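Biologist: Could you take me through the place where the two chains meet? I'd like a close look at that one part, with the cut-offs spelled out as you go.

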There are 2 protein chains.
Amino acid sequence: MIRITAFRWVPPFAQGLSRDLRLRWALEEAGLPYEVRQIGFEDRDSKSYRGLQPFGQVPVYEEDGLVLFESAAILHHIARRSEALMSLRPDEAARTTTWLFAAMNTLEPHVQNLVEIDLFYPKEEWAKARRPKAVAAVKKRLDGLSDWLDGRDYLERRFTVADLLMSLVLEALRHTDLVAEVPTVDAYRLRCQARPAYAKALADHLAAFAGNEPAAA
Amino acid sequence: MIRITAFRWVPPFAQGLSRDLRLRWALEEAGLPYEVRQIGFEDRDSKSYRGLQPFGQVPVYEEDGLVLFESAAILHHIARRSEALMSLRPDEAARTTTWLFAAMNTLEPHVQNLVEIDLFYPKEEWAKARRPKAVAAVKKRLDGLSDWLDGRDYLERRFTVADLLMSLVLEALRHTDLVAEVPTVDAYRLRCQARPAYAKALADHLAAFAGNEPAAA
C-alpha cells in the first residue's frame, strides 16, 4: 500500500496548498489507493523523520521499502505508473518532465517569494520595498506561460501530471489578482481544476484538517 | 547530434555558473558528443527562441526533433541514456530524481535569493534588512544536507547526475563562506568537482566566453 505523509493540520492560508494535495490528486487520477500518515510540525525535526526526509518537509512517499520525497519527484514516480498522468512515449514523457521542473524552478520560486512577502512579512519595511520587483518577476513568468498556452488547452497536447502541478503552483497566488489578470492562464488553471480527481483530492485534504482543528486559543 | 544553447558571453560573476555548464558536464560523463549554439541576451525574447524556451532562458536541448528545456529536466533525460549518471534500477533512478528536485526546489531557490541580494541589490536598504533571514534559510538547508551526507560520499550509494547538479547549486554560493563553514558539504562539493568530466566541461564553458569577450567599454 502506498503511504504518504501530510501535516495533521495547517492554518487556513495553507489549506488547499500544502503539498500532500499534489500527491492526493495524482493518486486519484491514477486510480491508486493510498493511506495517509499524519504528522505534526513537531515531528519535522525528529531523527526518524529526517531519515526519510532530510529537510523535514512533507510529503514523504513510501511503498514496499521505497522512500521518496520532493512532491514533484513523487508526482513523476506516480506518473510513470499511469498513462492518465504521463505518456509512455519517451519523448512525450521527457516534455512532461521538462514542465515539472519549469513549475518547480522557473515559476514556484518567484511565487513563493511573493507568498512569503505577503503572508509572512506583510508589515516589514523590507517586504514593502521588495514587493514591486517580486510582483514583476511573477508577472514575467505568467506572461511567458500565457504566450505558450495561447491556442493550447494544456502545456502539451493533453493533460499530464505537469498540468496538475502547474495549476497548484498558480493556486498559491490565490491571495492576489495576478492570475486573474492573465485570462489564458486563469482559464488553464480552472480547466485543470475542473477535473473530478481534483475535487475528490481537495475534499479529502480539507476533511483531514477539519477533523484535526486545534482547540481555540 | 545533440545541440545545446548557451550564452555567447556572460559577466564574470556568472561564468562557471550559467546552466549550460550542467549539461556540458553531464554530456562529458555520458560520453555523448554535442554542439553548442551560442545566443545573445537579445535573442531571449525572440519569437523563435520562445518557441523553444517559453521563458527565454538557457539552456535548450535539441536532438532529432526533440526539444527540451530546464537544465535539470535535460540532465534527467541525458542520465536515462547513461548508467554513468543514473542507475537503470527504477527504485534507484527514482531516488536520483528525488534529489534532482531537492536541488532545484529545496536548495536553489534559497541560494538564488541570497545571490540576488548580494550580487544584484547589495546597496538596497531592503536587501540589507532581508539578508540575515535569507542567510538563515540557506544555512538551514545546508545543515539538512550536511546531516544527510554524514557518513556518505554522495547523496546515494554512488555518484549520480543529482550530485553533479547539487554541487553546482552549492557552487553558486562561492561569493560567501557558507559552504566552507559546513565541512561535510564542502568536502562533498569538492569530491564531485574533482571529476575529470567537470574539469573538461568547465574548460570548454570558460573558453567559449573567453573567445567572445566584449570590447572594453
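Modeller: Let's start with a term: contact, or touching, means heavy atoms within 4.5 Å. Before we go on, this is a predicted model, where local features need pLDDT of at least 70, side-chain atom pairs count only at pLDDT 80 or more, and totals for chains, interfaces and linings use all residues. Residues are numbered from 1 along each chain as its sequence is written, chains are lettered from A and ligands numbered from 1 in the order in which they are written, and side-chain values use heavy atoms, with hydrogens and water left out.

The contact takes 42 residues from chain B and 42 residues from chain A. Of chain B's interface residues, 100% are also interface residues in chain A, so the copies meet through the same surface. Together the chains bury about 3700 Å², 63% of it on carbon and sulfur atoms (buried area is the accessible area, with a 1.4 Å probe, that two parts lose on being put together, summed over both). Trp126(B) turns up again here: with Phe55(B) and Phe101(B) it supplies 19% of the area that chain B buries against chain A, more than any other three residues.

Glu116(B) forms a salt bridge with Arg130(A), with 3.2 Å between the closest N and O atoms. As for where chain B's side comes from, α2 (47–52), β4 (66–69), α3 (71–79), α4 (90–120) and α5 (125–149) each supply at least two residues (helices are DSSP runs of H or I, at least four residues, and strands are runs of E, at least two, numbered from the N terminus). The largest share, 17 residues, comes from α4(B).

Over in chain A, helix α4 (residues 90–120) holds Asp118(A). At 18% relative accessibility, Asp118(A) counts as buried (under 20% relative accessible area, 1.4 Å probe, protein chains only; exposed is over 50%, partly exposed in between). Leaving out residues up to four places away in sequence, Asp118(A) touches Arg131(A), His175(A) and Thr176(A).

Methods
A salt bridge is a side-chain nitrogen of Lys or Arg within 4 Å of a carboxyl oxygen of Asp or Glu.
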